[in-house]
Amino acid sequence: MNTGSAGPAAALTRGPGIRASGGCSSIGRVQGRIVDWPLRVKLVAVSAALVAGLAAALLFGLPRALDAQSRGWLESRSLAMARLLGHALEAAVDFEDARAAGAALDALQDARGTAYAVLLRADGSPLSAHRSPDEPTPLAVGGGEAATFAGGLLHVRVPIVTRSGRVATLLMGFSLDELGERRREARRTVLLSAAVFLLVGLISSFVVAQLVARPLARITEVARRVAAGQEQPALRLPLGRADEVGVLATAFHQMLDRLSAQQEQLVMADRRVSIGRLAAGVAHEINNPLSFLAGNLDYVAAELPNLAALISQGHPEATGALLQRFGEAVDDTREGARRVASIVKGLRTFARDDQDRRERVRLDAPLEAAIEMAMHEIKHRARLVRRFECLPHVMGSEVRLSQVFLNLLVNAAHAIPEGAPARNEIRVSLRLGSPSRALVEVADTGSGIPEAERGRIFDPFFTTKPVGEGSGLGLSISRNIVEKLGGEIGFDTEVGRGSTFRVSLPLAQAEEAALPEAAPDRPPPPLPAGYRLLVVDDEPMVGAAVKRALDGDLQVVVAGSGREALEHILAGERFDRVLCDVMMPGMSGEELLAEVSRRAPQLRDAFVFMTGGAFTEVARGFVEAYGGPLLEKPLDVATLRRVLREGLT
Ligand SMILES: Nc1ncnc2c1ncn2[C@@H]1O[C@H](COP(=O)(O)OP(=O)(O)O)[C@@H](O)[C@H]1O
Ligand SMILES: [Mg+2]
């Protein structure tokens with residue numbers, strides 16, 4: 001057997017990746033990887049790379065620029081100093097006075113950074129010196145001013161021409177310690193500012209990432225959850241912001257709202273279409289019991305005069321035989337009425353406008369409602385077999401669960417050709433799955449699903465049926481409903497052998513659901529003598545039927561409207577219970593209760609409501625708020641008696 005399932009994860013992984021693809025595979029791969037990075041990481045990485053580039057440029061470029069600047073500055077300062085000293089030495093040169101020259105040069109003793117100073121005559125012989133250079137200086141005697149860096153020193157040459165026309169040359173050397181110190185200082189400053197840059201850059205890119213990528217990630221997460229079919233995903237959207245992210249979130253939120261509204265409409269529309277399509281069959285199903293019901297009643301009505309004659313003429317044997325036939329006819333009639341009631345109950349389940357309520361549902365109820373609706377489609381094609389191993393409860397909407405099962409049943413029926421119901425089977429099973437799950441299976445012996453279609457049957461509008469017979473929405477909506485309840489839907493199929501669709505749903509409460517159902521009720525003890533019941537219904541037949549069924553052991557008063565009932569009550573008549581219809585023209589059940597609460601409060605808690613279905617949300621809300629019993633029509637006499645007994649000692 002081949003298995004298919006409608007897991008949302010499959011749909012997600014199936015989505016096309018946003019990958020760069022190209023002829024050059026390695027580039028394609030790298031791009032692909034970067035493209036796949038989370039936005040936040042990308043933002044931080046890009047800003048970190050930018051800031052790091054800037055810091056590197058500063059670190060390598062700035063010291064070099066500063067160095068060049070410092071050298072120029074050192075050169076001009078040293079030249080100026082040598083020029084000044086040159087002027088001071090002019091007199092000593094004029095008079096060849098080595099002592100005066102030595103004294104002038106020794107003044108350099110206190111000048112920091114001077115390595116040597118030599119005063120040379122025009123022929124190159126030294127006149128005087130303050131420290132001699134360790135090595136021959138790179139600058140020769142003669143020529144104009146010059147400065148050059150060599151051997152870790154700045155060498156400077158300044159020509160001296162005295163007023164008397166004598167020529168000399170001053171050579172000086174300056175240590176570069178100061179330059180190194182400046183360089184180190186500059187590097188320190190640059191390093192510090194680069195670190196600050198890097199830190200500020202990282203912090204700001206992190207903040208930007210928080211501001212932009214975080215909410216985007218949240219929106220993405222919500223989108224992912226929606227795609228996975230989860231409920232209430234909008235709770236975490238960053239709404240309420242006025243910036244672009246806020247606008248995006250709000251638009252997304254509105255889109256979700258609209259989507260869910262449309263989904264609701266689609267679910268409703270699918271249900272209505274199903275009912276519409278099955279209506280003729282359902283009418284047929286009702287017509288059958290109705291026809292023998294009417295036939296039996298006609299028979300009884302026609303034979304009644306004969307019975308009277310037989311009794312009056314004293315033919316006990318013939319009377320007995322006729323009464324037995326009457327009994328059989330009445331039994332059939334009751335069975336027919338039960339059939340009609342159960343079909344109408346199924347129909348009513350589908351017609352309810354449920355607004356996706358969550359209630360505690362025993363799973364056989366929606367299954368039976370669906371079977372009731374689909375029976376006409378099924379019975380010409382297959383036997384229907386029920387395998388209910390237990391009757392678990394789940395939390396959900398009975399209407400929607402019925403819709404799911406009806407879709408599965410009708411699909412199963414459609415997979416089997418008409419004409420050989422004895423050779424085909426549609427099996428509906430209900431059992432416990434693990435862990436804490438209820439499992440519903442609808443298995444058919446039909447055509448099976450071809451391999452090529454298996455991946456698509458849950459797609460909206462995918463159908464293999466002719467126009468008018470299939471909309472292609474059934475399975476898509478069913479999956480939607482089931483997943484909203486936290487369940488799953490899947491199938492096994494084999495072409496030519498049939499398919500099994502499986503719905504698993506979380507149990508309402510594991511322990512309770514596994515308990516066997518309560519034993520059937522024993523007949524209630526009789527009502528006390530003098531018990532008085534007021535029946536309020538605008539349909540006189542209902543009142544008459546209740547009166548006929550109960551009048552023997554209690555007093556039944558029938559009122560045809562709320563007003564009439566109020567008259568009885570206000571006239572001081574005593575009643576133990578009021579059995580009241582919810583929807584009535586004129587004064588409704590709710591209005592009657594309000595009046596009675598005001599004017600005869602002792603009767604307020606005596607109300608038992610009954611309803612024929614077609615039940616508005618308002619009416620339902622009212623009955624739930626009242627908290628008293630609610631009976632469904634057609635009334636079952638045993639249930640009615642039990643309810644009337646409740647609260648009595
Ligand atoms: N039990 C089944 N046996 C065979 N095919 C099925 C069965 N259930 C569903 N399918 C296939 O899945 C398709 C989609 O089903 P569905 O969504 O209910 O739409 P529709 O019944 O309107 O076609 C059907 O048209 C049919 O081809
Ligand atoms: Mg279908």
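This is a predicted model: local features need pLDDT of at least 70, side-chain atom pairs count only at pLDDT 80 or more; totals for chains, interfaces and linings use all residues.
User: Why is Phe491 counted as buried?

Analyst: Buried means under 20% relative accessible area. Phe491 has 1% relative accessibility, so the residue counts as buried. Phe491 is found in strand β12, residues 488-494.

User: What makes Phe458 and Phe491 a tilted aromatic pair?

Analyst: Ring centres must lie within 6.5 Å to pair, and planes under 30 degrees apart count as stacked, over 60 as edge-to-face and the rest as tilted. Phe458 and Phe491 stand 6.0 Å centre to centre with 35° between the planes, and the pair is tilted. Phe458 lies in the loop between α10 and α11, 33 residues from Phe491. Ring pairs also link both residues with Phe501 into a cluster.

User: Why is the pair of Phe609 and Tyr626 called edge-to-face?

Analyst: Planes over 60 degrees apart count as edge-to-face. The planes of Phe609 and Tyr626 are at 90° and their centres are 5.4 Å apart, so the pair is edge-to-face. Phe609 belongs to strand β17 and Tyr626 to helix α16, 17 residues apart.

User: Is Tyr626 buried or exposed, and how do you know?

Analyst: The cut-off for buried is under 20% relative accessible area. Tyr626 has 12%, and therefore is buried. Phe609, at 0% relative accessibility, counts as buried by the cut-off of under 20%.

User: What makes Arg71 a charge over the ring of Phe149?

Analyst: CZ of Arg must be within 6 Å of the ring centre and within 35 degrees of the ring normal. Arg71 lies over the face of Phe149, at 4.7 Å from the ring centre.

Note on methods:
Residues are numbered from 1 along each chain as its sequence is written. Chains are lettered from A and ligands numbered from 1 in the order in which they are written. Side-chain values use heavy atoms; hydrogens and water are left out. Helices (H or I, at least four residues) and strands (E, at least two) are DSSP runs, numbered from the N terminus. Buried means under 20% relative accessible area, exposed over 50%, partly exposed in between (1.4 Å probe, protein chains only).
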